[in-house]
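Please read them with the structure open.

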Amino acid sequence: MKNILSLETIRVQAKVSSKNEAIREAGVLLVNAGCVEPGYVDSMLEREKTMSTFVGNGVSIPHGEFKTLGLVNRTGISVLQVPEGVEWHPGDIVYLIVGIAATGDEHIQVLQNLAEVVEDIDTAELLAKTENPELILEKLNRPIEEEE
């Protein structure tokens, strides 16, 4: 088993002025942790142009395009928490931006882990407002199976 989220890839109490800035910040957390190469961030922005990553309950899960999987060094997720929210689409406000980078089919398990947590509106609201990154780590850091 390996963990895909760490305190290093969580930023709470962030302030952003746009969806694109939020995606870029989530991507930079992945770059700084060594999960992805810098070009992956641009791929996350491109992906958002073709398919929304808004999943409801104030959560979005931006990730890169399939063609840029070569820029992923290892599976990881980042969490950018924006307590004031950022408009994703007219009427849709996002408080948690969960950047995803996955190798192989690992992203499927990553998405399943995230879905369980964000489907619970109370948990989503708690994570959107906490000042404690360790709480986010505790709720979202589910180990994934190592590939043999």
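Predicted model: local features only at pLDDT ≥ 70, side-chain atom pairs only at ≥ 80, totals over all residues.

The points below go from the whole chain down to single residues.

1. **Overall size.** The C-alpha trace spans about 40 × 30 × 25 Å along its principal axes. The radius of gyration is 14 Å. A compact globule of 148 residues would come out near 15 Å, so the chain agrees with that expectation. As for cover, 47% of the 148 residues count as buried. The accessible surface comes to about 7,400 Å². Carbon and sulfur atoms account for 49% of that surface.

2. **Fold order.** The chain has five helices and five strands. Along the sequence they follow the pattern β-α-α-β-β-β-β-α-α-α.

3. As a reminder, strands of a sheet pair through backbone hydrogen bonds, either parallel or antiparallel.

4. **Strand 4 and its partners.** Strand 4 covers residues 76–89, and eleven of its 14 residues are buried. Strand 1 (residues 10–11) runs parallel to strand 4, joined by two bridges. Here isoleucine 10 stands opposite valine 79, and arginine 11 has leucine 80 as its bridge partner. Strand 5 (residues 92–101) runs antiparallel to strand 4, joined by nine bridges. Valine 79 turns up again here, with valine 98 of strand 5 as its bridge partner.

5. **The hairpin turn.** Strand 4 and strand 5 form a hairpin with two residues between them. Glycine 91 sits in that turn and has a positive phi of about 90°.

6. The largest nonpolar core has 20 residues. Those with the most contacts inside this core are Ala22, Val36, Leu80, Val86, Trp88 and Ile97. Helix 1 (19–32), helix 2 (39–50), strand 4 and strand 5 each supply at least two residues. A second, separate core has 19 residues, including Leu114, Leu127, Leu135 and Leu137. In soluble globular proteins, nonpolar side chains tend to be buried together.

7. **Valine 36.** Which residues does valine 36 touch beyond four places in sequence? They are Gly27, Leu30, Val31, Leu71, Val72, Asn73 and Ala101. Valine 36 is also among the residues with the most contacts inside the largest core.

8. **Helix 5.** This helix runs from residue 133 to residue 140, and its buried residues are Leu135, Ile136, Leu137 and Leu140. Leu135 and Leu137 also belong to the second core. Asparagine 132 caps the N-terminal end of helix 5. One of its side-chain oxygens lies 2.8 Å from the backbone nitrogen of glutamate 134.

9. **Alanine 14.** This residue lies in the loop between strand 1 and helix 1. Is alanine 14 buried or exposed? Its relative accessibility is 2%, so alanine 14 counts as buried. Leaving aside neighbours within four places in sequence, alanine 14 is in contact with Leu80, Gln81, Val82 and Pro83.

10. **Threonine 68.** Threonine 68 lies in the loop between strand 3 (59–60) and strand 4. Why does threonine 68 count as buried? Its relative accessibility is 13%, and the cut-off for buried is under 20%. Setting aside neighbours within four places in sequence, threonine 68 is in contact with Tyr40 and Ser43. A polar contact of 2.7 Å joins its side chain to that of serine 43.

11. **Valine 28.** Valine 28 is found in helix 1. At 37% relative accessibility, valine 28 counts as partly exposed. Valine 28 and valine 41 are 13 residues apart in sequence, and their C-alpha atoms are 7.0 Å apart in space.

Notes:
Residues numbered from 1 in each chain as written. Heavy atoms only, no water. Buried < 20%, exposed > 50% of the residue type's maximum accessible area, 1.4 Å probe, protein only. Helix = DSSP H or I, 4+ residues; strand = E, 2+ residues; numbered from the N terminus. Pairing = 2+ DSSP bridges. Polar contact = N/O pair within 3.5 Å; in protein donor to acceptor, adjacent residues only side chain to side chain. Rg over C-alpha atoms; globule rule 2.2 N^0.38 Å. Areas by Shrake-Rupley, 256 points an atom, 1.4 Å probe, with all protein chains shown as cover. Core = buried A, V, L, I, M, F, W, Y, C linked by side-chain atoms within 4.5 Å. Contact = heavy atoms within 4.5 Å.
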